[in-house]
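My entries follow in the order in which I looked.

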Amino acid sequence: MMVGQERDASDALHDFRSGTSDVDWCEHNYEVTKLVAEFYNTISNALFFIMPPLLIYLNWQYAKRVSIYTNLIWALLVIVGIGSVYFHATLSLVGQLLDEISIVWVIFGAIALLFPREHMPTIFRGSRDNFRKVILCTALVASFLAFLMPVLNAFILFSLGFPCAYILVKELKRCKCPRVYYLGCRCCLTWVVAVICWLSDKFFCRMWSSIAFPYLHCFWHIFIAISGCTSIVTLIYFNAVAEVPEQMPVLKYWPSNKWDNFGIPYIAFKALAPCRSTCKYL
């Protein structure tokens with residue numbers, strides 16, 4: 001009986017061990033240090049620990065006036081960073097699943113909280129509460145399937161990103177604020193560059209290794225962190241416009257409102273007059 005219990009415990013711990021994942025990126029393993037499998041892929045997740053807490057602080061007005069639950073999305077992005085660090089440091093199956101399933105929850109969280117009411121299926125009749133419940137159930141099912149098909153998870157995640165991209169593009173087409181439109185276009189461009197880096201590292205590893213540059217997955221982490229965070233800011237702007245237009249949401253940048261290209265975007269509220277937020281920005 002004790003032998004069987006020890007074997008069960010050993011099997012349960014097996015997936016935590018290094019190298020148990022079938023996924024191995026182009027970066028050479030344990031080249032920098034014997035403690036970390038993919039050193040540069042690990043440290044390139046730094047933005048996931050820097051940007052979300054900063055955006056929680058910067059978007060406090062949105063959390064107070066529109067929805068505090070959006071902070072859950074920022075918190076989930078930190079968990080994505082934790083999962084990615086653990087995965088690339090160990091190449092364990094548990095690390096891979098933590099990384100991928102946390103991304104699933106970020107995507108479904110963004111859909112549940114920021115999907116425009118007018119684009120919801122008619123069955124929900126504009127009820128966000130019912131919509132959230134369905135999305136929650138779908139996220140639970142997707143998480144379960146992620147355990148069953150870990151090899152296909154990355155490609156499934158890309159497919160989940162398309163609904164968010166579709167809504168973002170649809171909202172940008174009718175956006176009358178050049179500043180917001182520019183940010184949205186930059187999000188889309190950054191996402192495309194991130195996907196190119198991911199695909200290149202995945203399918204052209206031999207070519208990149210031949211020129212001693214097997215690090216494109218690092219750039220995937222950097223670009224997808226920027227794209228993900230700025231996309232969420234853009235979506236919460238559109239949500240604020242739809243939900244509280246009388247409070248006049250406005251897109252700003254930190255540390256300087258003049259830094260459209262290099263600043264951190266966030267949403268503030270002017271609320272000076274009953275004017276829709278599609279008016280000219282100051």
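**Helix packing**

I began with helix H3 (residues 47-58) and helix H5 (residues 71-90), whose axes come within 9 Å and cross at roughly 170°. H3 is therefore roughly antiparallel to H5, a label used for angles over 145 degrees, while angles under 35 degrees count as roughly parallel, 65 to 115 as roughly perpendicular and the rest as oblique. From H3 the contact takes in Phe 48, Phe 49, Pro 52, Pro 53, Leu 55 and Ile 56, and from H5 it takes in residues including Asn 71, Trp 74, Leu 77 and Val 85. The axes are lines fitted to C-alpha atoms, for helices over the stretch in contact, with angles running from 0 to 180 degrees between N-to-C directions; contact means heavy atoms within 4.5 Å. Helices are DSSP runs (H or I, at least four residues), and strands are too (E, at least two), numbered from the N terminus.

I noted for myself that this is a predicted model, in which local features need pLDDT of at least 70 and side-chain atom pairs count only at pLDDT 80 or more, while totals for chains, interfaces and linings use all residues. Residues are numbered from 1 along each chain as its sequence is written, and side-chain values use heavy atoms, with hydrogens and water left out.

**Salt bridges**

How many salt bridges does the structure hold? I found five, each being a side-chain nitrogen of Lys or Arg within 4 Å of a carboxyl oxygen of Asp or Glu. Side chains of opposite charge can pair when their charged atoms come close.

I looked at Glu 243 and Arg 117, whose side chains meet at 2.8 Å, N to O. Because Glu 243 lies in helix H11 (residues 216-243) and Arg 117 in the loop between helix H6 (93-114) and H7, the pair ties together parts that are 126 residues apart in sequence. Glu 243 is partly exposed at 29% relative accessible area, and Arg 117 is partly exposed at 37%; buried means under 20%, exposed over 50% and partly exposed in between (1.4 Å probe, protein chains only).

I then turned to Arg 174, which forms a salt bridge with Glu 118, the closest N and O atoms being 2.8 Å apart. This pair links the loop between helix H8 (153-173) and helix H9 (178-203), where Arg 174 sits, to the loop between H6 and H7, where Glu 118 sits, 56 residues apart. Arg 174 also meets Glu 171 in a salt bridge (3.0 Å, N to O), and Glu 118, Glu 171 and Arg 174 are linked in a network. Is Glu 171 buried or exposed? Glu 171 is buried at 6% relative accessible area, whereas Glu 118 counts as exposed at 52%.

I checked Gln 61 in helix H4 (residues 60-65), which is buried at 18% relative accessible area. Not counting residues up to four places away in sequence, Gln 61 touches Val 66, Ala 268 and Phe 269.

I also checked Ser 231 in helix H11, buried at 16%. Leaving aside neighbours within four places in sequence, Ser 231 is in contact with Leu 168 and Cys 187.
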